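Let us walk through this structure step by step. Keep the sequence and the 3D view side by side as you read.

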Amino acid sequence: MAKLGKISLLITDEGLSSSVTATSYPVEKGEPLTDHVQEEAQTLSISGFVLGSNYKSSLQYFRDSMRAGTVLNYTGRTIAKNVIITSIDDSRTADVGNGSAVSIKLQFVRFASTSWTKVKNNGKKKTVSKKSSSSKAVYHVVKKGDTYWGCAIQYGTTVKALEKLNPWPARKIPIGVKMRIK
């Protein structure tokens, strides 16, 4: 006999599973590249029977615990503390007259060692500066062949914006001057 939470079960199989997720980046030829591996939560699969005249309420207890994310303990051949139910499959068979066959997957969980703290809001509004770091002036030293069009593409702006910021006509930009970009 085994016990999950407050319910006793007749377990026939237990299976412990560990896995990792590896990143995968495609390449032109050969195997994909990976740069790290992340360990996944360990899982325990149990199969067996819920027996007794109250087996329906026992199954409902497991479903409610699964939906609520209730942390349970499991004691069988394997002892598992701090597990949650991730799936339940049950079936009525002719072999069992007063119960149900079940297959349950459990996932190990752990809790953060430091508690979460809430930041208090004093209710006062903070003033936000209208000028951001992106509003600082940006300049470009003009070299032979530079045009408003080329600078607009290079700096991600428009020709019209550059013409507004600078006093020179498009065909007569002097070499060596600082052209304002932003």
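**A barrel and what surrounds it**

Six strands form a closed barrel in the order β1-β2-β5-β8-β7-β6, with antiparallel pairing. From one strand to the next, the twist averages 45°. This is a predicted model: local features need pLDDT of at least 70, side-chain atom pairs count only at pLDDT 80 or more, and totals for chains, interfaces and linings use all residues. Residues are numbered from 1 along each chain as its sequence is written, and side-chain values use heavy atoms, with hydrogens and water left out.

Helices (H or I, at least four residues) and strands (E, at least two) are DSSP runs, numbered from the N terminus. Two strands pair if DSSP finds at least two bridges between them. Strands of a sheet pair through backbone hydrogen bonds, either parallel or antiparallel. Axes are lines fitted to C-alpha atoms, for helices over the stretch in contact, and angles run from 0 to 180 degrees between N-to-C directions.

Start at β1. Strand β1 covers residues 2-4 and strand β2 covers residues 7-17. Three bridges pair them in the antiparallel sense. Lys 3 has Ser 8 in β2 as its bridge partner. The two strands make a hairpin with two residues between them. Gly 5 sits in that turn, with a positive phi of about 65°.

Now follow β2 to its other partner. Seven bridges join β2 to β5, and these strands run antiparallel. Here Leu 16 stands opposite Leu 44 in β5.

Go back to β1 and turn to β6. These two strands pair in the antiparallel sense over two bridges. Leu 4 has Tyr 74 in β6 as its bridge partner. Strand β6 is also joined to β7, by three bridges, and the two run antiparallel. Tyr 74 stands opposite Ala 80 in β7. Between β6 and β7, three residues complete a hairpin.

In a regular strand the side chains alternate between the two faces of the sheet. Look for this in β6. Leu 72 and Tyr 74 are on its covered face, while Asn 73 and Thr 75 are on the uncovered one.

What lies across the strands? Helix α1, residues 55-68, lies across β1, β2, β5, β6, β7 and β8. The helix runs at about 120° to β7. The structure holds one aromatic pair. A pair of aromatic rings is described by the distance of the centres and the angle of the planes. Tyr 61 and Phe 62 form a tilted pair, 5.7 Å centre to centre with 55° between the planes. (Rings of Phe, Tyr and Trp, the last by its six-membered ring, pair if their centres lie within 6.5 Å; planes under 30 degrees apart count as stacked, over 60 as edge-to-face and the rest as tilted.) Phe 62 is buried, with a relative accessible area of 0%. (Buried means under 20% relative accessible area, exposed over 50%, partly exposed in between, with a 1.4 Å probe and protein chains only.)

Next comes the loop between α1 and β6, where Val 71 is found. Val 71 counts as partly exposed because its relative accessibility is 34%. Not counting residues up to four places away in sequence, Val 71 touches Asn 82, Val 83, Ile 84, Val 109 and Phe 111. (Contact means heavy atoms within 4.5 Å.)

Two of these partners deserve a look. Asn 82 is found in strand β7. Its relative accessible area is 31%, so Asn 82 is partly exposed. Most residues other than glycine have a negative phi. Asn 82 has a positive one, near 60°. Val 83 also lies in strand β7. Val 83 is buried, at 0% relative accessible area.

Finally, move on to helix α2, residues 148-155. Which of its residues are buried? They are Tyr 148, Cys 151 and Ala 152. Seen down the axis of α2, they fall within an arc of 105°, so they line one face of the helix. (The arc is that of the directions from the helix axis to the C-beta atoms.) These buried residues pack against β9, α3 and β10. On the other side of α2, Trp 149, Ile 153 and Gln 154 are exposed. Just after the helix, Gly 156 takes a positive phi of about 70°.
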